[in-house]
Amino acid sequence: MPKARGYRSNGSAYDSMTVHRAVEYLSGGPLPNIPHTSKTRFAKRFGSGQYSTLGDGNLYFQEKPTDRPRMVVAREEVDGVLDELIRIPIYARHGVYSFHNRVSSEYEGISRSDVAAFLQTDETYQMHKQVRKKVVQPI
């Protein structure tokens with residue numbers, strides 16, 4: 001099932017305010033000042049044990065206890081993170097799928113459509129992308 005831009009696979013958005021509130025809550029702070037129904041949902045989501053801060057001020061997601069924690073990226077920060085990663089040789093792959101696979105192994109909240117949209121604006125990707133040749137066949 002494809003992910004929508006800036007959303008996790010279960011449809012929950014990561015915006016910078018949610019990430020900031022979750023880091024404060026997981027660091028021992030109180031529940032944020034939001035409506036009661038949202039507080040319950042927030043506490044259930046971030047108190048489930050799948051999220052942690054690992055003591056560095058960033059929010060991490062770990063689906064299973066055996067998985068490696070992945071850093072959560074807010075929607076507003078996706079392009080900045082991808083811009084930094086594309087400059088690192090181990091991340092700089094030749095296509096959308098390989099770059100996304102590498103990024104999604106370490107980061108949460110970056111969808112394949114985010115990667116595709118970013119690569120369409122990246123100058124190096126544009127210059128090295130193969131051009132599809134139109135084949136004209138007789139009738």
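Two strands count as paired if DSSP finds at least two bridges between them, and strands themselves are DSSP runs (E, at least two residues), just as helices are runs of H or I with at least four, numbered from the N terminus. S3 and S4 run in the parallel sense and pair over two bridges. Val-72 has Glu-108 in S4 as its bridge partner.

Please keep in mind that this is a predicted model, in which local features need pLDDT of at least 70 and side-chain atom pairs count only at pLDDT 80 or more, while totals for chains, interfaces and linings use all residues. Residues are numbered from 1 along each chain as its sequence is written, and side-chain values use heavy atoms, with hydrogens and water left out.

**Confidence**

The pLDDT is the predictor's confidence in each residue, from 0 to 100. Its mean over the protein chain is 83, and 90% of the residues reach 70 or more. Confidence is highest in strand S3 (residues 70-72), at a mean of 93, and lowest in helix H6 (residues 123-128), at 76. Over residues 1-11 the pLDDT is below 50, although beyond near neighbours in sequence this stretch has 26 contacts (heavy atoms within 4.5 Å) in the model. Where pLDDT is low, the predicted coordinates should not be read in detail.

**Two helices with a buried side**

Here, buried means under 20% relative accessible area, exposed means over 50%, and partly exposed lies in between (1.4 Å probe, protein chains only). The arc in the table is that of the directions from the helix axis to the C-beta atoms.

| H2 (residues 36-46) | Phe-42, Arg-45, Phe-46 | 75 degrees | H1 (16-26), S1 (51-52) |

**Nonpolar cores**

A nonpolar core is a set of buried Ala, Val, Leu, Ile, Met, Phe, Trp, Tyr and Cys residues joined through side-chain atoms within 4.5 Å. The largest one has 16 residues, of which Leu-82, Phe-99, Val-103, Tyr-107, Ile-110 and Leu-119 touch the most other members. Helix H3 (78-86), helix H4 (96-104) and H5 each supply at least two residues of this core, and the largest share, five residues, comes from H3. Apart from it lies another core of 12 residues, among them Tyr-14, Ala-22, Phe-61 and Ala-74.

Leaving aside neighbours within four places in sequence, Leu-82 is in contact with Phe-99, Val-103, Ile-110, Asp-114, Val-115 and Phe-118.

**Two loop residues**

Leu-31 lies in the loop between H1 and H2 and counts as partly exposed at 35% relative accessibility. Beyond four places in sequence, Leu-31 is in contact with Tyr-25, Lys-39, Phe-42 and Ala-43.

With neighbours within four places in sequence left aside, Asp-122 is in contact with Ile-86 and Arg-87.
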